[in-house]
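The sequence and structure are shown below.

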Amino acid sequence: MFTVKDYRDALAEGYLLASKCRRCGAVQLPPRPICPRCGSGDLESLKAPKRGRVAAYTVIHVPPSRFKGEEPYAVAIVELLEGIRVSGRMLDVSEADLKVGLEVEADVIKLGEEPLLCFRPLKRP
Amino acid sequence: MGLQRGVAIIGAGMTRFHHKIHADKTGRDLFVEAALEAMTSVDNGIELRDIEALFIGNFSSDSFEHQGHVAALMADWLGLTPKAATRIEAACGSSGAALNIGVMAIASGLYDVVMVGGVEKMRTLTTEEVTDVLAMASDEVYEAAVGFTFPGLYAAMATAHFHRYGSTWEQLCAVSIKNHHNGSLNPKAQFQEEVIDIARRLGERRGMTFKDEMEFLRSPLNPVVAYPLRLFDCCPISDGAAVVIMASEEVARKFTDTPIYVRGIGQASDTMALHDREDLTTIRATRLAAQQAYRMAGIGPEDIDVADVHDCFTIAEVVATEDLGFFPKGEGGKAAEEGRTSLEGDKPINPDGGLKAKGHPVGATGAAMACEIFKQLRGEAGKRQVRDAEVGLIHNVGASGATVVVQIYGR
């Protein structure tokens with residue numbers, strides 16, 4: 001059964017852990033203990049692709065306390081496979097270049113002790 | 001499935017929602033104030049002993065006031081003990097969920113009269129601390145940890161909506177301007193001032209003049225909170241409480257000649273994380289909760305005369321008016337811009353000013369919506385009265401849409 005720790009450990013090692021249902025084939029990122037499509041608990045691990053496209057984004061100007069001082073910073077929802085999306089920090093992109101559809105690649109950086117999922121534009125503008 | 005027996009609202013009351021005037025009050029003071037107003041509003045009178053149970057929506061008194069177990073606390077302070085008192089938590093949809101529980105409690109036959117309310121005392125914390133607490137209603141591990149805030153999630157929905165439908169930030173401004181206008185007519189609203197009057201007042205202080213609302217809204221006096229959402233796209237941080245009293249159809253008319261009947265209820269959940277939703281431009285739980293409520297009421301969106309929808313951010317009102325079926329998908333912003341959602345429009349939305357102007361003490365919001373529609377359908381809404389309102393709807397959302405409650409009322 002996949003736990004949050006499995007995802008975090010994978011992230012610390014630099015990859016995105018997903019789960020794939022052995023019964024119906026549905027893919028979930030981050031991995032889940034139960035397939036939300038068919039209810040099966042028979043799931044296998046899958047490394048998600050690192051490249052995707054921005055599906056939605058924002059630039060945070062009023063941050064939560066843990067990220068105080070980092071504002072403004074961008075956060076995006078990135079589609080890695082059809083319908084498979086994840087949230088991550090956007091790096092190395094200007095507000096003007098950040099758009100829905102932008103091609104990006106995942107990376108993992110350390111924020112203190114914690115691994116942080118982030119994305120960078122694939123083609124540098 | 002319908003209700004096993006009819007349920008009606010027989011009384012409603014609320015504190016003014018505000019960010020300052022309740023500074024010396026605690027959550028319990030606010031709740032008691034709202035509850036007493038609700039009791040007093042019952043036309044033929046009601047006694048505390050008539051109330052058989054209490055259901056309270058509250059998001060986070062634990063974080064805001066260092067006070068848990070608030071349902072028992074409120075029962076105690078109201079003199080309602082030993083009646084059953086239960087707290088319901090569904091983030092900003094807490095008292096909406098409590099309303100549904102109240103309806104079910106009466107429809108089941110267990111109780112004849114219950115009190116349902118909500119309370120949140122938020123201004124004990126700084127804006128930054130409130131931002132932290134509200135972010136707890138998103139997925140801590142997969143959203144908040146990468147930097148999403150609560151405004152940030154709705155901002156992301158806005159970018160997806162703009163991209164797919166060509167809707168614009170200017171359309172969102174129309175929502176804000178309209179809700180501030182409605183708020184200016186509501187004595188219980190936090191902000192009772194038109195955007196243009198705020199522009200004049202703030203401009204004078206800084207030696208700036210604005211030719212219209214849009215020039216002000218584009219100015220640095222309306223700073224970006226989470227792009228593309230600016231300050232006037234966001235509901236404020238508020239203190240307040242709201243309470244309704246519900247009764248079975250059998251006893252309702254003992255208390256009032258004009259009970260407001262619950263015609264339909266619905267509730268749905270969705271993935272906690274926004275990124276896992278099928279469609280980032282839709283709140284699916286709204287569509288599903290609305291379908292349930294419309295089916296139970298035997299009506300459709302075209303039959304709704306007035307609605308209070310969850311406009312925690314301007315984009316949320318646009319998305320809600322689409323997902324509730326009032327306007328085709330992608331046309332909610334245009335409808336707002338054309339004035340269709342104003343008090344005089346063909347689909348008046350948030351006559352009380354909405355969360356934007358009325359305020360949003362998160363756990364109290366669903367109950368406050370029920371208070372407003374109760375008043376609207378009884379013709380008691382004063383300057384903001386929607387003409388000939390006979391059927392009304394409330395739509396209360398938890399966080400980014402992982403919980404949605406819809407209730408439909410009729411005379």
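Strand S4 (residues 51-60) of chain A and S5(B) run antiparallel and are joined by 2 bridges; strands pair if DSSP finds at least two bridges between them. Within S5(B), Tyr227(B) is the bridge partner of Val59(A). Helices (H or I, at least four residues) and strands (E, at least two) are DSSP runs, numbered from the N terminus.

The model is predicted: local features need pLDDT of at least 70 and side-chain atom pairs count only at pLDDT 80 or more, while totals for chains, interfaces and linings use all residues. Residues are numbered from 1 along each chain as its sequence is written, and chains are lettered from A and ligands numbered from 1 in the order in which they are written.

Between the chains, 27 residues of chain A are in contact with 29 residues of chain B, contact being defined by C-beta atoms, placed from the backbone, that lie within 7 Å. On the chain B side, helix H5 (127-135), helix H6 (150-165) and strand S5 (224-227) each give two or more residues, and H6(B) gives the most, with 8 residues.

Within chain A, the domain assignment (automatic or from a database) gives domain 1 (4-47) and domain 2 (51-121). Their C-alpha centres lie 21 Å apart. The contact takes 7 residues from domain 1 of chain A and 8 residues from domain 2 of chain A. Helix H1 (residues 4-12) of chain A gives the most to the domain 1 side, with 3 residues.

The table lists two of these sides by residue class; Ala, Val, Leu, Ile, Met, Phe, Trp, Tyr, Cys and Pro count as nonpolar, Asp, Glu, Lys and Arg as charged, and the others, Gly among them, as polar.

| Side | Residues by class |
|---|---|
| Chain B, touching chain A | 18 nonpolar, 7 polar, 4 charged residues |
| Domain 1 of chain A, touching domain 2 of chain A | 5 nonpolar, 1 polar, 1 charged residues |

Methods:
Contact = placed C-beta atoms within 7 Å.
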